[in-house]
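Please read these points with the model open beside you.

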Amino acid sequence: MKVNRMIFSILLIVIVFIVITVIIQQMNASRSVALIPAPITEKVLNWNIGSEPLSIDPQLNRALDGGSVINNTFEGLFRYKGKIIEPAIADSYTLSSDGLTYIIKLKQTKWSDGSNLTASDFEYAWKRALDPETASEYAYQLYYIKGGRDYNTGKGSRENVAVKALDDYTLEVVLTSPMSYFLDLLTFFTYFPTKQSVVEASIDDDWTIDPKQVVCNGPFILSEYRMGEKLVLLRNQHYWNADTVSLDRINAYMIVDESTMLTAFEAGDLDIIDSILASELPRIQTEDASLKTAPSIGTYFYAFNNRVKPLDNVLVRKALSLAIDRKAIVESVTKAGEIPASGFTPPGLYDANGEAFQSVAGDYYILPEKADLDTARKLLTEAGFEDIKQFPKIEIVYNTNETHKVIAEAIQYMWQTNLGIDVTLINQEWAVLQETKRLGNYSVAKGGWFGDYADPMSMLEIMTSSSAINTTGWSNFGYDALIEAAKRETGQKRFDLLYKAQALLMEEAPIMPIYYHTDQFMVSDRIKNYEKTAMGLWYFGNTDITENN
C-alpha cells in the first residue's frame, strides 16, 4: 500500500513538473513573439528596361535605357516635373542682365557614401564630359558654355571652360550666348555630378555597375548588377529628399523579346513594360486599361551610310525614302498611333511665335500619306540606274526587337516590290548595332532619336559634322554654320535658322524619317505616381505601390 502511494506521489510530482514546464515555455514563447517586430512588406517595383544599357555613367550614356537608370540613381541641378522644370540639387539661381552668367546656389546634400556633395562635384563632372579622353558622345551638349569647345579641333575642351565652384555650394557658369533653354539642358544626365575620387579609383571604368564602387546622389543606389539579366536598385538613405521616396527596391530587368515581356507583365511578374508586341496591340487596346499613351518627342528613322555607293548619291537616298508607304507602316505594322514622318523634328516642339515647329516646317519632298513611286523611279534613272538590275544589294541592319523586325520586313518588301531592289536583313544585339554604326560598317541601319529637351535644337544638333551621334558620314558645313548661328541667336531669329537647317538636312536626305513616336507602355494599376518625360525618361522618386485587396 505504501509502495502504491509512493508511486502515485512520484507520478503526481512528474505531472505537475511537466505542466509547470509547459506553462513556462508558453510564457517565454509569448514574450519572444512580442519582442519580434511584425514583418514589413517591401515595396518592390519590377520594371523592364528592355535591354542591357551600354552605360549607366552620366557622362558616357547616350541611350534611353541607361538614361532612365541614371535618372533614378543620380540627380542634377534641375529636374522635369511633368512639363515644368523644378530645382533639384539647385536651391536658387540668378542670371546676369546680359543673359550669359548663371550663379547657382546648391542645397546641402550628400553622396550615397555619406560625404558632402559640393559645387566642385558638378565642375568636375562637366569638365570630365568635355575632356576628349573621356570620349563622351554628349560632350557637345556642353559647348554652350564659354570655352567648352576647342574650335581648332572641333572637340570639347576642359582647360578654359567657364564653369567654376565659387565655394562649396555656389556654381558659376558663363555661356557663349544667351540661351532660353539652358535650364532644360541642366535636367539632362550629362550635366549630373560624379565624384572624382570614385571615378579615378576605378580601374576598368566599371564603377557604375559595381555595387562595391558606385557612389551616386539620386533616390536609389545600385545594389546588384547581373549582365544581360537585371540590375537592382535600393532606396538611397542619404538622398536629400529620402523621406518622400516610397519604393524600397527596383528590379530592372533586361528582357528584349516583346512576347516574353508581355507574358511576364500579364502574369504579374512585371509592373512596367516599355515596348508592346505590335500583333497584340489591338487586343490590348480594347481589353487592358494598363495600356498608357503619352506624348513623345521622338522620331523613328533609318540612317543611310553616305560614305558607300550608291548611298553616297542624294538621288538614290531620296528615291529609297519616296518608295516606302509610311501610312501603311504605322497603320498596318506598328499600330500604336504613330504619325507618318515627313521631317526630322517631331510634333510637340514650338517656335518663339508659339507655332508648331513641325507644322511650319512642312513635308518637304515626302508624301506622308503614301509612297511616291513615279518620282522614286525617276530619281533612280537620273542616278544612273535605268536598269534596276545594276543596283547593288542593300542590307538593313536593326537591333533585336519584334517591332524593329516587322518594320524592316515591311521596308524590305516595299523596296523589293516597288523598285525591284534586292534587300537583305541583318539582326544584331543593341550594343553590337551601336558599334556597327560607329564604325560605319553598314549601308542602311535602324535609327531613332528622342529629344533630350523640348526644343528643335535637341534633334537637329545631332546631325552636325562633329556630333558623335551622327554615324551617317554626312557632313555639310552650311548645315553646321546654321546650327552654330542658331546657338548665338534668340527669339524667332533663332528658330528661322533652325527652319533653314532642317530644310537643308531634308534636301540632302542623309536619313529617312519613317514615323514620329507616340509613347505607349503598360503600367500595373498598383503602381502610383510614376513619371515619364516626353523625352522618354522614367523617374520613380515619387512612385508608390498600393496593393489591391
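1. Trp 538 and Phe 540 are both buried, where buried means under 20% relative accessible area, exposed over 50% and partly exposed in between (1.4 Å probe, protein chains only). The model is predicted: local features need pLDDT of at least 70 and side-chain atom pairs count only at pLDDT 80 or more, while totals for chains, interfaces and linings use all residues. Residues are numbered from 1 along each chain as its sequence is written, and side-chain values use heavy atoms, with hydrogens and water left out.

2. How many aromatic pairs does a search of the whole structure find? The search gives 25. Rings of Phe, Tyr and Trp (its six-membered ring) pair if their centres lie within 6.5 Å; planes under 30 degrees apart count as stacked, over 60 as edge-to-face and the rest as tilted. Tyr 300 and Tyr 515 make a stacked pair, with 4.7 Å from centre to centre and 20° between the planes. This pair links distant parts of the chain, since Tyr 300 is in strand β17 (residues 298-304) and Tyr 515 in strand β22 (residues 511-516), 215 residues apart. Helices (H or I, at least four residues) and strands (E, at least two) are DSSP runs, numbered from the N terminus. Tyr 300 is buried because its relative accessible area is 2%, and Tyr 515 counts as buried because its value is 3%. Trp 538 and Phe 540 are also stacked, at 5.8 Å centre to centre and 20° between the planes.

3. Ring pairs also build a cluster, made of Phe 78, Tyr 93, Tyr 102, Phe 122, Trp 126, Phe 182 and Tyr 191.

4. Two charged residues sit over rings. Lys 107 lies over the face of Trp 240, 4.7 Å from the ring centre; the charged end of Arg 494 is over the ring of Phe 495, at 4.9 Å from its centre. The criterion is NZ of Lys or CZ of Arg within 6 Å of the ring centre and within 35 degrees of the ring normal.

5. The largest nonpolar core has 111 residues, and Trp 47, Leu 77, Leu 106, Trp 126, Leu 171 and Phe 344 have the most contacts inside it. Such a core is a set of buried Ala, Val, Leu, Ile, Met, Phe, Trp, Tyr and Cys residues joined through side-chain atoms within 4.5 Å. Helix α3 (residues 119-130) gives the largest share of this core, seven residues. Leaving aside neighbours within four places in sequence, Trp 47 is in contact (heavy atoms within 4.5 Å) with residues including Ile 250, Leu 270, Trp 538 and Phe 540. A second, separate core of 39 residues includes Leu 322, Val 333, Leu 419 and Ile 514.

6. Ala 376 belongs to helix α11 (residues 373-382). Why does Ala 376 count as buried? Its relative accessible area is 0%.

7. Helix α16 (residues 491-508) has 18 residues and reaches 27 Å from its first C-alpha to its last, close to the 26 Å expected; the expected span is 1.5 Å times one less than the number of residues. Among the buried residues of α16 are Arg 494, Phe 495, Leu 498 and Tyr 499. The buried residues of this helix pack against α8 (314-322), α10 (357-361), α14 (457-460), α15 (477-487) and β22. Ala 509 follows α16 and has a positive phi, near 50°.
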